[in-house]
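Work through the exercises below with the sequence and the model at hand. Each task is followed by a solution in steps.

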Amino acid sequence: MASSPCGNSNFDSGLEIKTRSVEQTLIPLVSQITTLINHKDKPKKSEKTLRAIQRVGQAVNVAVGRFVTVGEAIAVENEELKEEMGLACQEARRAGDAIAQLTDALSPEQPESDGRITVFSDKTGMVKAARMLLSSVTKVLVLADRIVIKQIITSRNKVLATLEQLERVSSFQEFVQIFSQFGNEMVEFAHLTGDRQNDLKDEKKKARMAAARAVLEKCTMMLLTASKTCLRHPDCESARHNKDAVFRRMRVALEQVIEIVTDARPSGDAQVLPASIYTGIKDFKAKVEGLRESLFSLPPESLVAQLEGVVEQTEDFTDSAYTSHEHRESILQRCHLTRQELEQLIAAWMQAQSFKAKEASEEMEVCILKTCQSVNDLRRELHRTAVGRAADLLKCHADHTVLKALKASGEEGNLEAGAEYSHTLMEQKEQLVETCRLLRHVSGTEPLEITSIHAEETFQVIGPQIISAAQTLALHPSSKIAKENLEVFCEAWESQLSDMAILLREINDVFEGRRGDKRTYLSLPRPGKHSANLKTVKAVKLDAEEQTTIAKVGLELRLLTSDVDSESEKWEDQDHDIVRLSQSMSSMAYSMYLFTRGEGLLKTTLDLFHQAEVFSEEGFQLCSCLQALSSQLGDDEKAVTTSETEKLVALCQQLQLTGRTVAQGKSATFQKVDACIQNARSIMTVVVCLLPVCNKLIRKCKSERSSMGSPQSWGENQLPTPVKEDPLDSKNTNGFGVKSLEHHMAGLTFLESK
C-alpha cells in the first residue's frame with residue numbers, strides 16, 4: 001500500500017474544550033469526517049457515491065483554507081501566539097489538502113488500476129488525515145480562545161487600576177472624572193464577561209460567573225454613592241467603613257471572574273462546594289440501588305457512614321431556633337425510619353452474600369425500595385421545611401418596614417432609634433442567611449446551590465453595610481448624599497429579596513420535576529448601539545394598576561416559554577443553533593414575564609426596552625438559521641418554513657422598531673411596554689410552531705443523508721449568524737460554516753446573564 005499523503009500529527013487531540021462556541025464549531029467537521037471514514041466498502045461504487053464523497057472532501061478543504069487564512073491573520077496580530085498558531089494552521093492546511101486528495105474519487109472512466117491513492121484504497125491514510133485535521137483545528141480554536149481570555153484579563157486590569165485611583169481621590173472634581181472612565185471600563189468588562197458566561201459549557205462555572213457579575217453590577221452604584229458620601233463627610237468613620245467594604249467586595253468579585261475564566265485558583269485547588277444534603281442523598285441512593293448490580297461492590301459500613309453524614313447535616317434544620325416543633329419532629333422521625341430501613345437492607349444483603357448469591361434476592365429488592373422511599377420522604381420533608389420558611393420570610397419582608405424605619409430615624413438624626421432598628425435588621429439578616437443555607441441543602445442542582453450560596457453571602461455583607469450607611473445619615477441628617485447612599489443599599493437588599501423569590505421558584509421547579517434551570521437575562525447597552533434610548537427614555541417602574549392591566553398577556557408569555565422549553569427538549573441535538581437560540585429567546589421572554597409581575601432582574605421600563613431590542617436581535621439570528629435550513633429543503637418542505645420565517649422576520653422588525661421608539665409621558669411609556677410584551681408573545685407563538693416542524697425536517701434530512709446521497713455542509717448543524725464585516729475578510733465569508741473565527745473572537749451573543 002502506498003504511503004499516506006499526510007505526515008504524522010504532533011498535536012494532542014485530547015485538548016480540553018471549555019466553551020460551546022469551540023465545541024459547536026467542531027461538531028459538523030467531526031460529522032463530515034465520520035461520513036468519509038465510515039463509507040460503505042462496496043466492490044462497485046456508483047457514480048453518485050463517488051461524486052458525493054468528492055464534494056464532501058472538496059468542501060472540507062475549501063472551508064479549512066478559509067479558516068486557516070483567518071487563523072494566520074490572528075497569529076500576525078498576536079505575537080505571543082504566532083509560532084503555535086502558525087504551526088497549527090500549517091497542519092490544518094496539510095490535512096485539508098490530504099483529505100481533498102484522498103476523496104478525489106475515481107470516476108467510471110478512470111480505472112482504479114492507475115495506481116492513485118484514494119479513500120477506498122488507503123482508509124488508514126484518511127483516518128490519519130482526519131485526526132490531524134481535528135487536532136490542528138481544535139488547537140487553532142483553543143489558541144483563539146486564549147485571546148478572548150486575554151481580553152477579559154486586560155479589561156479587568158484596567159478596571160482594577162481605575163478602582164485604585166478612585167479609592168485615593170480627595171476631591172469631587174477628580175472623582176467625577178475618574179468615575180466616568182471607570183463606568184466605561186465596567187461596561188466593556190460586563191459585555192466581555194457576559195459573552196464568556198453564555199459560552200461556558202460548565203453550568204457550575206456559569207452560575208459562579210453570574211454571581212460574581214451580579215456583585216459587580218450592584219456594587220458599581222454602591223461605590224458611587226459610598227465614595228461621594230465619604231468625600232462629603234471625610235471625618236465620618238461609618239462612611240469610611242461603608243466605602244471600604246464596597247471596594248473590598250468589588251476586588252473579590254473581580255478576582256473570582258478571573259479565576260473562572262482562567263480556570264485557576266491562587267491556592268491551586270479546584271473550587272469545592274460545601275456538602276449539601278441533596279448531594280448526600282443522591283449519592284446514598286445511587287449506592288443503595290447499585291447493590292442490584294453487584295452485591296460485593298462496597299462494605300455495609302460505607303452505607304451506614306454515608307447515611308449518618310446526611311443525618312448530621314439535617315442538624316442545620318433541627319437545631320435552628322426558627323424551625324417549627326412540627327417540622328423538627330417530622331425530620332427526626334424520617335431520619336429514624338431511614339436508619340431502620342437501612343438496617344433491614346444490610347441484614348438481607350449480608351444474608352445474600354452468605355449464600356454467595358449473584359444477584360439481589362426478592363427480600364433484598366424490597367428492602368432497597370423501602371430504603372430509597374424513606375430517604376425520599378426525608379428529602380421531601382426537608383424541602384417542605386426550607387421552602388416554607390423562605391416563603392414566610394419573603395412575605396414578612398414584603399413591606400420593608402425595618403428599612404423604612406431606619407431611613408426615617410436617620411433623617412431625624414435619632415441615633416437611639418437607629419440602633420434599635422439596626423439590631424432588628426441584623427436579626428432579619430441572620431434569619432435570611434440561615435434560610436439561604438437551608439435552601440442550598442435542598443436546591444436540587446449545583447447551579448442553584450451556587451446561587452443559594454451567593455444569596456447567603458449577599459445578605460451577610462449588605463446587612464452591616466445598610467447599618468453603617470444609616471449611622472452616617474443619623475450623624476448627618478441634612479446630608480442629601482448620605483440619604484441617597486442609604487437608599488442605594490436598601491434597594492440592593494430589596495433586589496436580593498426579589499432574587500431569592502426567583503431562586504425559591506426555581507428550586508420548587510426542580511423538586512416537582514419541571515425544568516428549573518431557567519435563566520433570566522438582562523442586556524447592558526453596548527456603546528454606540530443603544531445610546532439613543534439611554535438619554536431620551538426615562539427609566540420608571542410599572543405601578544400596581546399597570547401590572548394588573550398587563551398581567552394576562554404576561555401570563556400568556558410565560559406559558560409560551562414553557563411550550564418552547566418543552567418542544568426544545570424533544571430535539572436529539574440539544575446544541576443545535578435553532579434549539580440554542582429558541583431557549584435563549586425563551587429565557588429573555590421569561591424575564592419579560594417577571595417584569596409584568598414587578599419581579600426579576602428587569603427593574604425599570606428602560607431595562608425592558610433594552611431587553612426587547614436584544615430579544616429581536618436574537619430573533620433575527622434564528623431567522624438566519626431557518627433560512628439556511630430552508631435552502632437545503634425541497635419545494636414543499638421549504639414552503640412551510642419559509643412562510644413562518646417571514647412572519648418571524650416581520651415580528652422581530654416590529655419589536656425592534658417599538659423598542660427604539662421614544663415614548664414621552666406615563667401613558668405613552670405604558671403603551672410601549674404593552675406593545676413590547678404583545679410583540680414578544682407573537683414571536684414566541686411562531687417559535688413554538690416552528691420548533692417541531694424543524695425538528696422533523698432535520699431528522700428527515702439526516703435519515704436521507706445516511707445513504708451518502710448528499711454531502712453534509714459544515715454549516716448544516718450550526719448555521720452562520722450575522723456578524724459585522726471584518727477587515728480580514730471583506731466579503732464576510734463564513735467559510736468555517738458554524739461560527740467564523742472572527743465572530744468567535746468578537747463575542748458569541750449579545751446576552752449578558754446575571
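The model is predicted, so local features need pLDDT of at least 70 and side-chain atom pairs count only at pLDDT 80 or more, while totals for chains, interfaces and linings use all residues. Residues are numbered from 1 along each chain as its sequence is written, and side-chain values use heavy atoms, with hydrogens and water left out.

**Exercise 1.** State how many salt bridges the structure holds, and locate the one between K150 and E80.

Solution. A salt bridge is a side-chain nitrogen of Lys or Arg within 4 Å of a carboxyl oxygen of Asp or Glu. The structure holds 27 salt bridges. In the one between K150 and E80, the closest N and O atoms are 2.9 Å apart. K150 is in helix α4 (residues 123–168), and E80 is in the loop between α2 (47–77) and α3 (82–102); the pair links distant parts of the chain, 70 residues apart. Helices (H or I, at least four residues) are DSSP runs, numbered from the N terminus.

**Exercise 2.** Find the salt bridge of E381 and R384, and decide whether each residue is buried, partly exposed or exposed.

Solution. The distance from N to O is 2.9 Å. Both residues, E381 and R384, lie in helix α12 (residues 362–396), three residues apart, about one turn of the helix. Buried means under 20% relative accessible area, exposed over 50%, and partly exposed in between (1.4 Å probe, protein chains only). E381 has 5% and is therefore buried, whereas R384, at 41%, is partly exposed.

**Exercise 3.** Describe the crossing of helices α14 and α16.

Solution. First, take the axes, which are lines fitted to C-alpha atoms over the stretch in contact, with angles from 0 to 180 degrees between N-to-C directions. The axes of α14 (residues 415–441) and α16 (residues 480–511) come within 12 Å and cross at roughly 25°. Angles under 35 degrees count as roughly parallel, over 145 as roughly antiparallel, 65 to 115 as roughly perpendicular and the rest as oblique. The helices α14 and α16 are therefore roughly parallel to each other.

Next, list the contacts, meaning heavy atoms within 4.5 Å. From α14, L425, K429, L432, T435, C436 and L439 meet W493, L497, M500, L503, L504 and I507 of α16. By class, the contact of α14 with α16 has 10 nonpolar, one polar and one charged residues. Here Ala, Val, Leu, Ile, Met, Phe, Trp, Tyr, Cys and Pro count as nonpolar, Asp, Glu, Lys and Arg as charged, and the others, Gly among them, as polar.

Technical notes:
Helix = DSSP H or I, 4+ residues; strand = E, 2+ residues; numbered from the N terminus.
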